[in-house]
Amino acid sequence: MNRPLPTEVTKAGVLGTGVIGGAWALHFLRMGMDVVAYDPGPNAREKLLAMVDHIWPTMEKLGLREGASPQRLRFADSLEELVNSVEVIQESTPENLNAKRGLFAELDRLAPPEVVIISSTSGFAMTDMAVEVQQQADRFVVGHPFNPPYLVPFCEVCGGERTSQDVVDWTAAFYEAIEKQVAKMDKELPGFIGNRLQEALWREALHMVANNECSVEDIDKAIAYGPGLRWAIMGHCLTYHLGGGQGGMAHLLDHFEESLKEPWTRLDAPELTQQLKDDMVAGCLSQANGASINELIQERDDCLIRIMQTLKEYRDEHGIRR
């Protein structure tokens with residue numbers, strides 16, 4: 001098997017070119033790769049080209065690797081052409097389990113044996129998605145990004161029951177080579193890591209709005225100007241470690257053990273009534289204050305770039321490697 005080293009991949013395939021797939025295409029292009037895209041959906045080519053044109057200035061702000069260019073994007077006319085043109089495939093098709101099962105079986109049949117097939121799924125287990133794969137289930141692996149993948153530098157890598165450890169390791173190393181921080185999971189878990197944490201916050205937020213306990217705006221303020229600023233620096237657990245003072249996490253756990261029994265959260269999802277939907281939508285529109293989606297995307301991206309650049313400058317100056 002002539003699989004390239006993770007650090008030497010030069011041709012990436014993007015299967016599915018919606019919000020996530022298109023963002024992956026942008027990231028691979030920024031990394032100086034040739035990118036081959038395939039999506040049989042209506043106007044997929046035009047939509048991806050428009051997305052690349054709109055967001056490429058953001059890629060330039062973030063910094064381009066040598067040879068990076070939107071001109072290195074091309075489109076395949078068939079799935080067979082795609083799989084025979086690239087060294088790795090990032091699959092980002094809609095979250096439909098039966099559709100993914102059929103697609104993966106076809107990929108297994110068509111793709112050369114050395115091509116690793118990575119799924120961007122937000123929550124499906126690879127074991128469930130690969131049930132119809134007959135030949136090489138060992139090279140199918142989950143590589144779940146966070147939106148937008150061209151900017152947020154984090155991926156969760158998780159194999160299925162038949163995924164080889166070599167492929168899990170190869171995928172993690174591939175992502176690290178293209179400037180991603182990687183969580184390599186030890187076992188399958190629905191929703192993986194980040195989405196489960198986000199979902200806990202989301203459900204509690206819905207409860208608060210449903211019970212008229214606070215506004216949508218106040219919930220977002222509580223994160224953006226509170227723990228969110230700390231999470232961008234060192235995550236949740238290390239932040240709590242500092243909350244224990246000189247005794248660290250051990251002291252914090254001893255000191256606050258009883259508070260875990262307090263009703264500070266309600267993890268069962270509330271009924272998503274029409275009223276709750278309306279309240280959530282109204283709250284978000286109020287915060288947007290007339291800004292379009294593209295304007296909000298630009299604001300988010302520019303701010304994230306500045307945060308990440310500031311963190312990098314600080315850590316480089318102080319010799320911090322984390």
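This is a predicted model: local features need pLDDT of at least 70, side-chain atom pairs count only at pLDDT 80 or more; totals for chains, interfaces and linings use all residues.
Residues are numbered from 1 along each chain as its sequence is written, and side-chain values use heavy atoms, with hydrogens and water left out.

**View 1. The open sheet of eight strands.** The strands follow the order β3-β2-β1-β4-β5-β6-β7-β8 with mixed pairing, where strands (E, at least two residues) and helices (H or I, at least four) are DSSP runs numbered from the N terminus, and two strands pair if DSSP finds at least two bridges between them. Because β3 (73-75) and β8 (181-184) each have a single partner strand, one side of each of these edge strands is left without a neighbour in the sheet. Strands β1 (residues 11-15) and β2 (residues 34-38) run parallel and are joined by five bridges, with K11 standing opposite D34 in β2.

**View 2. Helix α4 and its packing.** Helix α4 (residues 97-110) has 14 residues, and K100, L103, F104, L107, D108 and L110 are buried within this helix (buried means under 20% relative accessible area, with a 1.4 Å probe and protein chains only). The buried residues of α4 pack against β1, α3 (79-83), β4 (88-91), β5 (116-119), α5 (126-129) and β6 (140-145). At the N-terminal end, N96 caps α4 through a side-chain oxygen that lies 3.2 Å from the backbone nitrogen of N98.

**View 3. T58 in helix α2.** T58, in helix α2 (residues 44-62), is buried, with a relative accessible area of 2%. Leaving aside residues up to four places away in sequence, T58 touches Y150, Q298, D301 and I305 (contact means heavy atoms within 4.5 Å). The side chains of T58 and Q298 make a polar contact (3.5 Å), that is, a pair of N or O atoms within 3.5 Å, of which, within protein, one must be able to donate a hydrogen and the other to accept it, and residues adjacent in sequence count only if both atoms are side-chain atoms.

**View 4. E156 in strand β7.** E156 is found in strand β7 (residues 154-159) and counts as buried at 1% relative accessibility. Polar atoms of the E156 side chain lie 3.1 Å from the backbone nitrogen of I193 and 2.6 Å from that of G194.

Definitions and conventions: The expected span of a helix is 1.5 Å times one less than its number of residues. Buried means under 20% relative accessible area, exposed over 50%, partly exposed in between (1.4 Å probe, protein chains only).
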